[in-house]
Amino acid sequence: MSREVYVVGVVSDTHGLVRPEIAAAFAGVERILHAGDVGGAAVLEALSKLAPVDAVYGNVDDRHDPSLARERLVTVGGVAIHVSHGHELGQPTPQLALATYRGDIVIFGHTHRSIVLRDESGRIGMNPGAAGPRRFNLAASVARLTITAGAAGEPAEIAVEIIALA
């Protein structure tokens, strides 16, 4: 029996720039989650040509922009995914994000540093890194989530890949 597989693109801290490498990194994704510091409607328009986008606002975005929420909780393949920018946590870490928010996967941005942590319960706290203009001497990156839905009461399988952008 085959199980449904869902692929989700995760991006953060674009700060108004959509690098051309994002299209290749997100080829075939069914949905894109943007963890804030979008930097304008043109970013969301460009990403929406690849897949539907759910975005939150970051500390450089207009929190009154109707296309951006403070946080989002979406479900993909039976997996609950929480998305927020992380600035509301001060200095976000995967541990702090997991302790603060519900979800099987908790996504944040803000630090521009990619990191993935799976805790003892199997929950994932992650930051895809920053995809916008290079800052803090860090390489640009995004992430892909591959979620294989669980069969007959079994948990879903979740794979996270951080993808460096040129």
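This is a predicted model: local features need pLDDT of at least 70, side-chain atom pairs count only at pLDDT 80 or more; totals for chains, interfaces and linings use all residues.
How many of the eight residues of strand β10 (residues 141-148) are buried?

**View 1. Strand β10 and its two antiparallel pairings, with β1 and with β11.** Seven of the eight residues of β10 are buried, which leaves the strand mostly covered. Strand β1 (residues 5-11) pairs with β10 in the antiparallel sense over six bridges, and within this pairing Val5 stands opposite Thr148. Strand β11 (residues 157-164) also runs antiparallel to β10, to which it is joined by eight bridges. Here Ser141 has Ala164 of β11 as its bridge partner.

**View 2. The open sheet of five strands, with mixed pairing.** The order of the strands is β5-β6-β7-β9-β8. The edge positions are held by β5 (71-76) and β8 (115-118); each has a single partner strand, so one side of each is left without a neighbour in the sheet. On average, and with direction ignored, neighbouring strands of this sheet are turned by 15 degrees against each other. Strands of a sheet pair through backbone hydrogen bonds, in either a parallel or an antiparallel manner.

**View 3. The antiparallel pairing of β5 with β6.** Six bridges link β5 to strand β6 (residues 79-84). Among the bridge partners in this pairing are Thr75 and, in β6, Ala80.

**View 4. Buried and exposed residues of helix α2 (residues 41-48).** Val43, Leu44 and Leu47 are buried in α2. These residues lie on the same side of α2 because they cover an arc of only 95 degrees around the axis. Ala42 and Glu45, on the other side of α2, are exposed.

**View 5. Leu68 in strand β4 (residues 68-69).** The relative accessible area of Leu68 is 8%; Leu68 therefore counts as buried, the cut-off being under 20%. Val38 is 30 residues away from Leu68 along the chain, and the C-alpha atoms of the two residues are separated by 9.0 Å.

**View 6. The largest cavity and its lining.** Rolling a probe the size of a water molecule over the atoms shows where empty space is left. The count comes to one cavity of 30 Å³ or more, and the space in the largest cavity is about 40 Å³. Its lining consists of His112, Ala130, Gly132, Pro133, Arg134, Arg135, Leu138, Ala139 and Ala140.

How values were computed
Residues are numbered from 1 along each chain as its sequence is written. Side-chain values use heavy atoms; hydrogens and water are left out. Two strands pair if DSSP finds at least two bridges between them. Helices (H or I, at least four residues) and strands (E, at least two) are DSSP runs, numbered from the N terminus. Axes are lines fitted to C-alpha atoms, for helices over the stretch in contact, and angles run from 0 to 180 degrees between N-to-C directions. On a 1 Å grid over the protein atoms alone, a cavity is a set of points where a 1.4 Å probe fits but cannot get out, and a pocket is an open set with protein on both sides within 12 Å along at least five of seven lines; lining residues have an atom within 4 Å of a point. Grid points are joined across faces, edges and corners, and a volume is the space filled by probe spheres set on the points. Buried means under 20% relative accessible area, exposed over 50%, partly exposed in between (1.4 Å probe, protein chains only). The arc is that of the directions from the helix axis to the C-beta atoms.
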